[in-house]
Amino acid sequence: VVLGVPGAIAVANASSHPLSVLHDAFADNRDELMQEDSGWAAKSDELKEFALQLLRQLCARFPSEPRLALLLLRCAGARGGPGVKRLGRPMLKSRPDDLALWRAYASAEVAAGNRHEAARILASALSLSSSTSPPKDLVTLAYDLAKLRLHQEGGSGATAAVAALTSVFVQDVDGAAAPMHVLRAASGFKQAEAECQNDFPRQVVLTSARVLLEYLSNGFEAAQAIFDERLHAIEAFQLGSRAHEDLLCEWVWLLCKHAATHATPPRLVRDTLANALGHFPANSTFLQALMTSGGSVHSRFHTRRLLAGVRSAHPKCPQAWLASVRFELETSAAASDEAATAAARTAAEAAAEPLSIAGHRRSRQLLESALRPSTCGACPALWQLYMQLETRAGRDETACRVQVRSIQQCPGFKELWLQGLRPPLLLAMPDRLLRDTTQLLAEKELRLRSELPAQPEPSLEAMPRPHAPRTHAPLDQAAAGCNALDARLGDMLAGVPEVARGVAASDTHDSGGSGIGSTSSDGSPAD
């Protein structure tokens, strides 16, 4: 549950973390592979409330851990309303000198969409801590504030960003920073870097702030020279480390921002992303920047070629295959929209083709190559993506064959088994294949649900009352799936052994059984 809240994966582990390989190999869905927070909105209110209560208890148990505070605040911000302020202000009152908590509070406001409030929080933290904390401890807050100021419209954003960066070393900077203040701040950043030779994470923040200050004051070429110097130093001692990845992330952010407003050679962007993905192919920031870097036919050709190189160098990285499939689908969808505009087709005609033939063919070829046993055949997320792709294209029978292949390579992942017992695959699956699947479930003794330990039923007065009425849409959907399974299995169980017949009955009928593969109290199979 904790790893399912917004930002948990990104905060806990980077793609350079040793455990990230284990996490990616058994990712349940594609949102976990690309570290997206979109799946949190689809969670039930009960699960969100449980996650909030659990994180509150963890924060009370470990008050000095900033990552837990960040997860709690972001989880509250994702629900909407004043949840972030209600949780953040008491924390700051109890720990006003905790700069990590101030930063976590501001990050939660950014996740909730309140950039102006986040900038106000960071500015308050800088003004309150400028006299009590050393400058090297304030650089992280100033750098985050400068990045937020850059989102302001017009030229005032760059001016405010420079003022935020210079405020670390120059006190009482009102309005635009003078050139003398900029020089003093640049010298201060350089001296702080020299003092933190062995502290590589702090060096990354100092270098990123110095590069941004140089970019805003002297231009892109000056900033690139500083970045190249620091990158060569890190690659010599910390190649493939978290500091190396974070430095590349900050430079890719600045490069993409510069390319969006200034004429930038496309080859510079491609070479930078190729170098970054060569070291960190699972980084979602690099992959998303690559997929959105080019819109022309020439750019799409080079992007497709670069992705092919990443897949060839890292065939066991599921993110590289997932990004390639997304790129093909988005490219074919954009090409279909352009063709529809050129041919002046109606909206109904355009909606009749949700998936282009070219995009579907290329995506199938990529997934077939990805799901070999020697590459990413044990990744359940890619198998589910393959089934969704075939179902979306109207190829339900092909999706059934994909489902059979998936349970052969991932027999321990129950969601892949359930895909064949739910519409639309249930309605398209041949009778013999459905009968074999049911028998295999009984032989493997795979339990899809288990009974809870016997407990006395609570009284109505002791039961918690929900704040909002509970919705029964998931229950109705599950009931519809069970009814469809009953209709398919009703005429098929005559020639099935007694064990499999008991399995199907216990799983499809809500009669209090313990599910597939369950046994009764005397050890015999449940009827």
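Analyst: Helices here are DSSP runs of H or I, at least four residues long, numbered from the N terminus. The model is predicted. Leucine 92 is found in one such run, helix H6, residues 83-94.

User: Why is leucine 92 called buried?

Analyst: Its relative accessible area is 10%. Buried means under 20%, so leucine 92 qualifies.

User: Which residues is leucine 92 in contact with, leaving aside its neighbours within four places in sequence?

Analyst: Leu101, Trp102 and Tyr105. Contact needs heavy atoms within 4.5 Å. The C-alpha atoms of leucine 92 and tyrosine 105 are separated by 8.8 Å, and the two residues are 13 apart along the chain.

User: How many aromatic pairs does a search of the whole structure find?

Analyst: Four.

User: What makes the pair of phenylalanine 169 and phenylalanine 189 what it is: stacked, tilted or edge-to-face?

Analyst: The ring centres are 5.0 Å apart and the planes stand at 85 degrees. Pairing needs centres within 6.5 Å, and planes over 60 degrees apart count as edge-to-face.

User: Which parts does the pair of phenylalanine 169 and phenylalanine 189 tie together?

Analyst: Phenylalanine 169 lies in the loop between helix H10 (156-166) and helix H11 (179-195), and phenylalanine 189 lies in helix H11. The pair therefore ties together parts that are 20 residues apart in sequence. Phenylalanine 189 has 0% relative accessibility, so it counts as buried.

User: How do you know what kind of pair tyrosine 215 and phenylalanine 220 form?

Analyst: Their centres are 6.4 Å apart, with the planes at 85 degrees. The limit for pairing is 6.5 Å, and the angle must be over 60 degrees for edge-to-face. Tyrosine 215 is buried at 13% relative accessible area. Phenylalanine 220 is buried at 8% relative accessibility.

User: What sits over the ring of tryptophan 253?

Analyst: The charged end of lysine 147, 4.7 Å from the ring centre. The distance cut-off for a charge over a ring is 6 Å.

User: Which residues have the most contacts inside the largest nonpolar core?

Analyst: Leu212 and Phe286, in a core of 89 residues. Beyond its neighbours within four places in sequence, leucine 212 is in contact with Tyr143, Ala146, Lys147, Leu150, Leu165, Trp253 and Leu254. Another core lies apart from the 89-residue one. That other core has 32 residues, among them Leu367, Leu371, Trp383 and Cys410.

User: What do the buried residues of H10 pack against?

Analyst: Helix H9 (135-149), H11 and helix H12 (200-218). Those buried residues of H10 include Gly157, Ala161 and Leu165.

User: Is histidine 302 buried or exposed, and how do you know?

Analyst: Buried, at 19% relative accessibility. The cut-off is under 20%. Histidine 302 is found in helix H17, residues 297-313.

User: What does the side chain of histidine 302 make a polar contact with?

Analyst: The side chain of histidine 298, at 3.0 Å. The limit for such a contact is 3.5 Å.

User: How many salt bridges does a search of the whole structure find?

Analyst: 16. One of them joins glutamate 415 and arginine 422.

User: What makes glutamate 415 and arginine 422 a salt bridge?

Analyst: The closest N and O atoms are 2.4 Å apart. The rule asks for a nitrogen within 4 Å of a carboxyl oxygen. Glutamate 415 is partly exposed at 25% relative accessibility. Arginine 422 is partly exposed at 32%.

User: Which residues do salt bridges that share partners join into one network?

Analyst: Asp137, Asp199 and Arg202. Arginine 202 and aspartate 199 meet at 3.2 Å, N to O. Arginine 202 has a relative accessible area of 27% and is partly exposed. Aspartate 199 counts as partly exposed at 31%.

User: Why are arginine 267 and aspartate 271 separated by about one helical turn?

Analyst: They are four residues apart in helix H15, residues 266-279. An α-helix has 3.6 residues a turn, so residues three or four places apart point the same way. Arginine 267 and aspartate 271 form a salt bridge at 3.7 Å, and the limit is 4 Å.

User: What are the accessibility classes of arginine 267 and aspartate 271?

Analyst: Arginine 267 has 59% relative accessible area. Exposed means over 50%, so arginine 267 is exposed. Aspartate 271, at 43%, is partly exposed.

Methods
Residues numbered from 1 in each chain as written. Predicted model: local features only at pLDDT ≥ 70, side-chain atom pairs only at ≥ 80, totals over all residues. Heavy atoms only, no water. Phe/Tyr/Trp six-rings, centres within 6.5 Å; stacked < 30°, edge-to-face > 60°. Helix = DSSP H or I, 4+ residues; strand = E, 2+ residues; numbered from the N terminus. Buried < 20%, exposed > 50% of the residue type's maximum accessible area, 1.4 Å probe, protein only. Lys NZ or Arg CZ within 6 Å of the ring centre and 35° of its normal. Polar contact = N/O pair within 3.5 Å; in protein donor to acceptor, adjacent residues only side chain to side chain. Core = buried A, V, L, I, M, F, W, Y, C linked by side-chain atoms within 4.5 Å. Salt bridge = Lys/Arg side-chain N within 4 Å of Asp/Glu carboxyl O.
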